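Dear colleague,

Please find below the structure for your own work.

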Amino acid sequence: MVYGGEEALMRQYSIGDEIGRGRFGTVRRCHSNATGEALALKTTPKAPLRDPLDLALAEQEPKLHLLASSPPCSPHLVALHAAFDDANAVHLVVDLCAGGDLLSLLSARGGRLPEREAAGLAAQLASALAACHRRGVAHRDVKPDNLLFDAATGALKLADFGSAEWFGDGRPMSGLVGTPYYVAPEVVAGREYGEKVDVWSAGVVVYMMLSGAVPFYGATAPEIFEAVLRGNLRFPPRAFAGVSPEAKDLMRRMLCKDVSRRLSAEQVLRHPWIASCGGDAVAG
Ligand SMILES: Nc1ncnc2c1ncn2[C@@H]1O[C@H](COP(=O)(O)OP(=O)(O)OP(=O)(O)O)[C@@H](O)[C@H]1O
């Protein structure tokens, strides 16, 4: 799957316009010279990665992305088509998702979505996480900016395995990885943790889709971490007017500090709120 460096990339793909920019790299449109398929190319240059953890994560991204998305790939994961790695950069050729991301959708829709639509998106996210977790991959950076839409089908797809880790055979993970509003309390506490950190982050996404607010707020990263560690989950009546008891029950079970009582991604898929309002949104 890793096909050499930039020269091999240029032989196999034609590179087009920039679509987006992340913390370290750029995402551009590209086409396969062999099939003409329109794809996206994510390039992460290695020179700016001074922190050894950032470099290690960039170098292991292709392996973990491939493990999570190799055939049969869940329709709710951005598939990895090819990877090129040399001394200068890591290049990943992935599914093109030209339908924008969930963060932009939420801001275009005034911050929140109708319950049925939110349940459909939550079902697709849980399906993506269940697929990753079955293969021993924890994503560790689930957030609306990493949930992209396929322009043709409208399907939600989980992207960006740049923070992912392998936990197969129950291997515990560690390290403060993720994004403050979404990160699970056991990660903030500096303990070893498992793949249910992704379910916590998905619970934050569900809360945002239904209320337009984050569940654990702070003005600075340390204040957010304090709020996450307290884990005091509330549903302010003004923001949650009209939200069903079933939706609140699911959020309580996803945003549960006790990891042993927190649902797994598979259990989220079977929760009545997902099964009754969102289950038919899952493709394949
Ligand atoms: N497969 C894709 N198809 C279309 N656009 C994409 C794709 N992947 C990423 N993008 C766009 O490119 C931008 C950069 O994505 P990238 O995954 O590199 O970084 P990020 O998630 O924004 O930030 P970071 O990984 O640095 O935290 C995103 O905002 C997204 O809109």
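A polar contact is a pair of N or O atoms within 3.5 Å. In this predicted model, local features need pLDDT of at least 70 and side-chain atom pairs count only at pLDDT 80 or more, while totals for chains, interfaces and linings use all residues. Residues are numbered from 1 along each chain as its sequence is written, and side-chain values use heavy atoms, with hydrogens and water left out.

A polar backbone atom of R23 is 2.5 Å from an oxygen atom of the ligand. At D95, a backbone N or O atom is 2.8 Å from a nitrogen atom of the ligand. On its own the ligand has 610 Å² of accessible area (Shrake-Rupley method, 1.4 Å probe), of which the protein covers 82%.

The ligand is surrounded by 16 residues (a heavy atom within 4 Å), and R23, D95, C97, N146 and D160 are the closest. By class, seven are nonpolar, three polar and six charged, with Gly counted as polar and Cys as nonpolar. Strand 1 (13-21), a DSSP run of E with at least two residues, gives the largest share of this shell, three residues.

The shell draws on both domain 1 (6-95) and domain 2 (100-278), so the ligand lies between them. The domain bounds come from an automatic or database domain assignment.

Yours sincerely

Note on methods:
A polar contact is a pair of N or O atoms within 3.5 Å; within protein, one must be able to donate a hydrogen and the other to accept it, and residues adjacent in sequence count only if both atoms are side-chain atoms. Helices (H or I, at least four residues) and strands (E, at least two) are DSSP runs, numbered from the N terminus.
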